[in-house]
Structures are given as C-alpha cells and as structure tokens.
Amino acid sequence: MTSFAKNLLNLCKRVYFKTVTYRLETLPAGVQSICTEFGLSPRTVKCSLCSFGGQHIVYIVRIQSAEFLCLKVARKESIHLEREAKYLSLLQGSPHFPRLVIDGSKKGFVVEEQVSGIPYSSHTKSLFRKNLKKVAQGLAQALTDLTSRHPAIVHRDIKMKHLLFDFINGRVVLIDFGSAEFEGSRLPNGRRSFYRKLGRRTHVFQPFEQLTEQHSQDRRIDVFAAASLLYSMIFDEFPYDNSVKGFEQSWEYYQSRERRIESRLSILPPKVARAFINALKADPNERSRDLWELANAIRETDF
Ligand SMILES: Nc1ncnc2c1ncn2[C@@H]1O[C@H](COP(=O)(O)OP(=O)(O)OP(=O)(O)O)[C@@H](O)[C@H]1O
Ligand SMILES: [Mg+2]
C-alpha cells in the first residue's frame with residue numbers, strides 16, 4: 001500500500017471510528033488470543049479504540065497481513081457478547097454478517113472481521129440513497145438468511161449504525177447481534193426494563209409490538225425496521241418518527257402515522273408504495289413477513 005493510501009485509510013478510520021492508538025501493555029486480553037490464533041508476535045499487532053458501545057468496548061486490531069479485526073470486550077459478564085458470538089456463529093457463510101474469528105465470549109471477548117463498510121448516518125444518507133437498489137436487495141437477502149436458520153433468528157435491533165454498506169463491492173452487512181433472539185422464544189425476565197432504557201433513535205425503528213414486548217420475537221420486527229431505513233433513505237424522515245411533537249408510544253400514535261405514511265407514499269410508483277405500506281403496517285398480523293416485495297419493487301423502479 002502506498003503511503004498516500006495508508007494516510008487516507010487512517011484518516012477514514014479517524015472520521016468513522018474515532019481512532020486512538022493504545023500502547024501494547026494496556027491492550028485487552030483478547031489481543032493475546034489474536035496473537036496466538038495467527039501465530040503473531042504481540043509487537044506486530046496494532047490496536048485502536050473504535051467505540052465505547054453501550055454494551056462493550058470495540059477495538060480495531062490490525063494484524064501483520066494488514067487485515068483488520070474487530071475485538072469486542074465486555075466490561076463485565078455480558079449477555080450481549082454471548083448473543084453476539086452465538087448468533088454470528090450460526091450465521092457463518094452468509095456475506096451479510098461479520099465473520100466470527102474467535103469466540104471468546106465465555107472469557108468476555110469476541111473477535112470478528114472488521115467489515116469494511118460505512119454505517120448509514122445523516123452524513124452518508126445520499127450515498128445510501130444512490131445505491132438504494134443494492135441496499136434494498138442486500139437487506140432483503142440478509143433477512144432471508146436470518147430466517148432460513150432453524151429456528152429462525154430475529155436481529156431485533158436493526159438501525160442506522162448497525163447497517164453497513166461497502167460501496168466498493170456492494171456488500172450489505174448487519175452488525176451487532178447483542179439483542180438477537182430465536183424466533184418465537186420467550187423473553188427472559190428482566191428484559192422489559194432493558195427496552196425502556198433504549199434511546200429515542202432506536203425507538204424510531206421499533207414497531208409497536210416491540211415497545212410493548214408482545215409478540216416481540218417475530219421476524220416482522222426486522223421487516224419493519226429494515227423498511228423504515230429504506231423509507232428514510234427516500235423521504236429523509238422516519239416513517240414512525242418519535243421526535244415529532246406530541247409523540248407518544250401509543251397504538252393511536254402508530255395508527256395515525258400509518259395514515260400519514262400512506263399519503264407521503266402516493267408520490268411513488270404504486271407498486272413501491274404498496275410494498276412500503278405492507279412492510280410498515282403497525283399491526284404485525286397485516287405486515288409482510290419478508291422484504292422481497294419491497295426490494296423487488298425498488299429494483300424495478302427508476303427513481
Ligand atoms: N464487525 C464490525 N465491523 C465494523 N465495525 C464494527 C463491527 N462491529 C462493531 N463495529 C462498530 O462498533 C460500533 C459498536 O459496536 P456494537 O454495536 O457491537 O456495540 P454496542 O455496545 O451495541 O454499541 P452501540 O450501543 O453504540 O450500538 C458499531 O456501531 C460499529 O461502528
Ligand atoms: Mg450496537
């Protein structure tokens with residue numbers, strides 16, 4: 001790699017990952033496992049802080065081959081990290097999820113491929129919008145890959161920063177399986193309070209049944225969230241936006257938004273509008289069970 005390319009890469013990492021380089025002796029335990037796994041001396045491994053996530057600390061580790069790995073270390077025993085390793089290991093082989101490199105979740109860390117995509121955010125919105133067809137197809141396939149497992153897996157936390165898109169090869173990746181569940185499983189006691197604590201931005205992508213936690217382990221939760229992301233790429237607003245004045249997490253609110261969504265969608269070709277309406281139904285019993293109707297309608301349309 002030329003030094004120009006290296007500088008550019010470092011700059012990008014700084015912008016997207018708030019990179020800070022740490023001294024080797026202060027590195028977390030997982031780095032040692034990476035060294036063993038790849039037969040490397042610790043001196044050849046470079047580690048940077050990526051994010052103080054809500055659930056764990058994320059480091060980007062560069063090994064000798066210039067491959068970037070993503071090391072997630074829990075501050076204490078973490079059910080999120082256990083879920084990350086459990087569901088990622090079941091999803092291996094699909095390009096729509098990160099490759100799991102080391103499952104150290106029993107020891108408090110997980111090492112996975114660092115996906116070289118960028119997250120969907122207000123800064124990258126127009127790039128996602130330009131690649132809407134690819135993003136929609138990738139998301140639909142990702143949801144199919146989740147539900148083709150037995151039992152099916154529900155991600156449950158699809159939101160802007162968990163959707164990565166690699167513009168170079170058109171790869172769509174969903175990250176963070178810390179909230180995932182098998183479809184139809186019952187929530188363990190104590191999860192209710194967890195969802196009350198979720199931030200406003202997450203609620204935007206949650207259907208009503210997930211807020212009330214009835215039927216909340218159903219694939220249609222992910223359909224709703226993924227369709228909300230695609231909707232926001234087109235309209236620059238969220239279909240069920242709780243930042244609007246007078247927002248309440250009530251069934252009446254969801255129903256009133258549903259009517260507004262229908263009128264906004266009338267500017268789109270009828271096939272796309274219908275597919276959005278079906279994927280964004282407030283009532284899960286009326287909602288689509290996958291994203292294909294929507295993704296295919298988008299693919300056939302010239303926006
Ligand atoms: N495999 C990966 N490849 C690239 N980036 C990743 C990967 N996993 C995590 N990240 C980055 O690290 C951030 C935090 O990771 P993650 O979502 O797993 O942790 P979290 O504790 O849930 O954090 P948050 O509460 O911010 O979502 C992600 O938003 C993303 O920017
Ligand atoms: Mg996360």
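**A helix and its sheet**

Author: Start with a pair: Leu 163 stands opposite Leu 174 in strand β10. This is a predicted model, where local features need pLDDT of at least 70, side-chain atom pairs count only at pLDDT 80 or more, and totals for chains, interfaces and linings use all residues. Residues are numbered from 1 along each chain as its sequence is written, while chains are lettered from A and ligands numbered from 1 in the order in which they are written.

Now widen the view to the strands. (Strands are DSSP runs of E, at least two residues; helices are runs of H or I, at least four; both are numbered from the N terminus.) Strand β9 covers residues 163-166 and is joined to β10 by four bridges. The two strands run antiparallel. (Strands pair if DSSP finds at least two bridges between them.)

Which strands make up the open sheet, and in what order? Three strands line up as β7-β9-β10, and their pairing is antiparallel. The edges belong to β7 (118-119) and β10 (171-174). Each edge strand has a single partner, so one side of each is left without a neighbour in the sheet.

Next comes the helix. α5 packs on this sheet and touches β9 and β10. Its direction makes about 45 degrees with the direction of β10. (Axes are lines fitted to C-alpha atoms, for helices over the stretch in contact; angles run from 0 to 180 degrees between N-to-C directions.)

Look at one residue of that helix. Val 135 has its place in α5. Is Val 135 buried or exposed? Val 135 is buried, because 24 other C-beta atoms lie within 10 Å. (Buried takes 20 or more such atoms, exposed 12 or fewer, partly exposed in between; C-beta atoms are placed from the backbone.) Leave aside residues up to four places away in sequence, and Val 135 touches Phe 128, Phe 165 and Val 172. Then take Phe 167: it is 32 residues from Val 135 in sequence, yet 10.0 Å away in space, C-alpha to C-alpha.

α5 also has a helix for a partner. α5 and α9 pack at an angle of about 175 degrees, and their axes are 11 Å apart. The two helices are therefore roughly antiparallel. (That is over 145 degrees; under 35 is roughly parallel, 65 to 115 roughly perpendicular, the rest oblique.)

Which residues meet there? From α5 come Leu 132, Ala 136, Leu 139, Leu 143 and Leu 146. From α9 come Asp 222, Val 223, Ala 226, Leu 230 and Met 233. The contact divides into nine nonpolar residues, no polar and one charged. (Ala, Val, Leu, Ile, Met, Phe, Trp, Tyr, Cys and Pro count as nonpolar; Asp, Glu, Lys and Arg as charged; the others, Gly among them, as polar.)

One more helix belongs in the picture. In α12 (residues 292-299), Glu 293, Leu 294, Ala 295, Ala 297 and Ile 298 are buried. What covers them? The cover includes α5 (132-147), α9 (220-235) and α11 (270-279).

Technical notes:
Two residues are in contact if their C-beta atoms, placed from the backbone, lie within 7 Å.
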